[in-house]
Amino acid sequence: MATTSIEKEDAIHPGKPVVVDRYNLGARVNHWITAISLILLALSGLAFFHPSLFFLTGLFGGGQEARAFHPWIGVLLFFSFAGLFIRFWRANLPERSDREWLAHANDVIAGNEEKLPEAGRYNPIQKFNFWAMSLLIIALIVTGLAIWDQYFYEWTTIPQKRVAVLLHSLAAVALICIWIVHVYAVIWARGTLRAMTRGSVTGGWAWRHHRRWLKELAERHRFKGPAAPAE
Amino acid sequence: MEPSPHTATSNPPVSAATSNLTERDLVRRSASTVPPPARQLEPVAKLIDVSKCIGCKACQSACVEWNDTNPAVETNTGIYENPHDLTPDMFTLMRFTEWDNPQTGNLEWLIRKDGCMHCEDPGCLKACPAPGAIVQYSNGIVDFIHENCIGCGYCIKGCPFNIPRISKVDHTAYKCTLCSDRVAVGQGPACAKACPTHAISFGTKEDMKKLASSRIEDLKSRGYENAGLYDPPGVGGTHVMYVLHHNDQPEIYSGLPKDPKVSPVVNAWKGMTKYIGFAAMGLAAAAGVLHSALTGPNRVTREDEEKAEDLVKEKA
Ligand code: HEM
Ligand code: SF4
């Protein structure tokens, strides 16, 4: 079998149905802090993006407050995402088989997963999401600091700030688009959301979407729980 | 209501006057639209004749006095500028340059009164995301409305002249108001009133242009062949204009930009980016709706569960 994409916390609980641990508590808390800060950033940022959305500042207590909070939430997002990055970067490294999976783009969209090569812990679209988010968040923190005039006014020249604010808004748009795709994919592939709430998925979900991951776990006897057979 | 304000030179009546600059005189309001104004005020302008300036800073003092600001006392670094830059408490600043004129070999002491130019096409207002934080009156005055300002600093990025400054005290942006509160009641700006050499004049833009041309003619007759009026067309002209003895090279006056315009980066940010942004986010959302309508949810089947159970049984 190819390189492993198993995380330490992953384990199979045999039974009916089979349940597979996918995210431990730390990973889930980390994920939801990131998610909430991303949503708050999108809401406060979009308020400055266009006058028609300025009313969103009301969610934060007013324009001054939204302006003051946004960059701090950005700092939180950065460190929180860094935590996710450290957890998951390895499992998101590209593999040879990703190319073939992507060649079946039509089948991916149509949901004909039986025609696709078996995916590991993450499929290529999830990997793309992961790396795009990583790069965009780095771009957002760098450009965000450059326009955080309250503390870093002296750090950049005005022409640099102009470029920074343009790039910041473009990166934010790109990140929000990727976020929409991410959320949609989670809803579309039913049974995915519980991975981030309860921390586990069913065996059938793993078989359908991440068969190679499930097979690797079984191969390596990563069994757990009351019904776990003796190893 | 008083008639449209004209000039600063005469003393205004001391009786109480109602403001001439009202909401209805707005031609532009940041991040919002305004109805067409009911009347057109006569465009006004401040003319700064640098050739007459003696660098006494009476204008700076008058500005501090009228606006009741309190600029910090700074250290002397061997130059005359004080404070060293525009600040949220110093809306106008005398900038001094010692310039070696290569043609004559003379040392020329160039003094320029820096401050908001009151652009006809103001980059600050264009960049501002807060509804009504920056307004422009039909007489050309660009004003910051502090209760609407959120302190984001976008005006700093929009301004081609590096003028607005954000206060660390109330986190709002400050700059020269062209004494809009004085002009509103028929008075001229405090600086113009204080200037002992009449280097600063105030009146209708038309009158100020006429005054400028007589000054330029005079300067030309004294050998300043490049004397001219600085009223840069790149920002639609300004309501603060300079008479410069070397109008061919405004940069020598402490970096006055030669052809200022709102940066193309700012235009891209405030223009294209908004359309691209909404289109992209809308498309992403629409793609999701469409996809779910066409394919329906991707559900795990009973068969998938059985396959997983078989696999686990086999390996366990
Ligand atoms: C990662 C750290 C981040 C920092 C330090 C940061 C900082 C800033 C700052 C300083 C501003 C100017 C307004 C203000 O002063 O509050 C701003 C604007 C904005 N931010 Fe962020 N931000 C970050 C992340 C994000 C993220 C993750 C998003 C979106 C998901 C985002 C979306 C926006 C948008 C849309 C604007 C308005 C841009 C415009 O006016 O065109 N930011 N940001
Ligand atoms: S000089 Fe700057 S602050 Fe003044 S009106 Fe022009 S853009 Fe606005």
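Student: Why is Cys56(B) called partly exposed?

Tutor: In this predicted model, Cys56(B) has a relative accessible area of 43%. Buried means under 20% relative accessible area, exposed over 50%, and partly exposed in between, with a 1.4 Å probe and protein chains only; Cys56(B) therefore counts as partly exposed. Residues are numbered from 1 along each chain as its sequence is written, chains are lettered from A and ligands numbered from 1 in the order in which they are written. Local features need pLDDT of at least 70 and side-chain atom pairs count only at pLDDT 80 or more, while totals for chains, interfaces and linings use all residues; side-chain values use heavy atoms, with hydrogens and water left out.

Student: Where does Cys56(B) lie in the secondary structure?

Tutor: Cys56(B) is in the loop between strand E2 (44–49) and helix H1 (58–67) of chain B. Helices (H or I, at least four residues) and strands (E, at least two) are DSSP runs, numbered from the N terminus.

Student: Which residues does the UniProt annotation "binding site" that includes Cys56(B) cover?

Tutor: The unreviewed UniProt entry covers Cys53(B), Cys56(B), Cys59(B) and Cys195(B). UniProt positions are in the numbering used here, feature names are shortened, and annotations may be inferred rather than shown by experiment.

Student: How do you know that Cys53(B), Cys56(B), Cys59(B) and Cys195(B) gather at one spot?

Tutor: They span 143 residues in sequence, but no two of their C-alpha atoms are more than 10.4 Å apart, so they gather at one spot. The lining of the largest cavity includes Cys53(B), Cys56(B), Cys59(B) and Cys195(B). On a 1 Å grid over the protein atoms alone, a cavity is a set of points where a 1.4 Å probe fits but cannot get out, and lining residues have an atom within 4 Å of a point.

Student: What makes Cys195(B) buried?

Tutor: Its relative accessible area is 10%, and the limit for buried is under 20%, so Cys195(B) is buried. Cys195(B) is placed in the loop between helix H5 (190–194) and strand E9 (200–204) of chain B.

Student: Which residues are closest to ligand 2, and how does its shell divide?

Tutor: Of the 14 residues that surround ligand 2, the closest are Cys116(B), Met117(B), Cys119(B), Cys124(B) and Cys159(B); a residue is near a molecule if one of its heavy atoms lies within 4 Å of it. The shell comprises 11 nonpolar, two polar and one charged. Ala, Val, Leu, Ile, Met, Phe, Trp, Tyr, Cys and Pro count as nonpolar, Asp, Glu, Lys and Arg as charged, and the others, Gly among them, as polar.

Student: What describes the packing of helix H1 (residues 25–49) and helix H2 (residues 63–88) of chain A?

Tutor: Two packed helices are described by the angle between their axes and the distance between the axes. Here the angle is about 145° and the axes are 8 Å apart. Axes are lines fitted to C-alpha atoms, for helices over the stretch in contact, and angles run from 0 to 180 degrees between N-to-C directions. The contact of H1(A) with H2(A) divides into 13 nonpolar, 11 polar and two charged residues.

Methods:
On a 1 Å grid over the protein atoms alone, a cavity is a set of points where a 1.4 Å probe fits but cannot get out, and a pocket is an open set with protein on both sides within 12 Å along at least five of seven lines; lining residues have an atom within 4 Å of a point.
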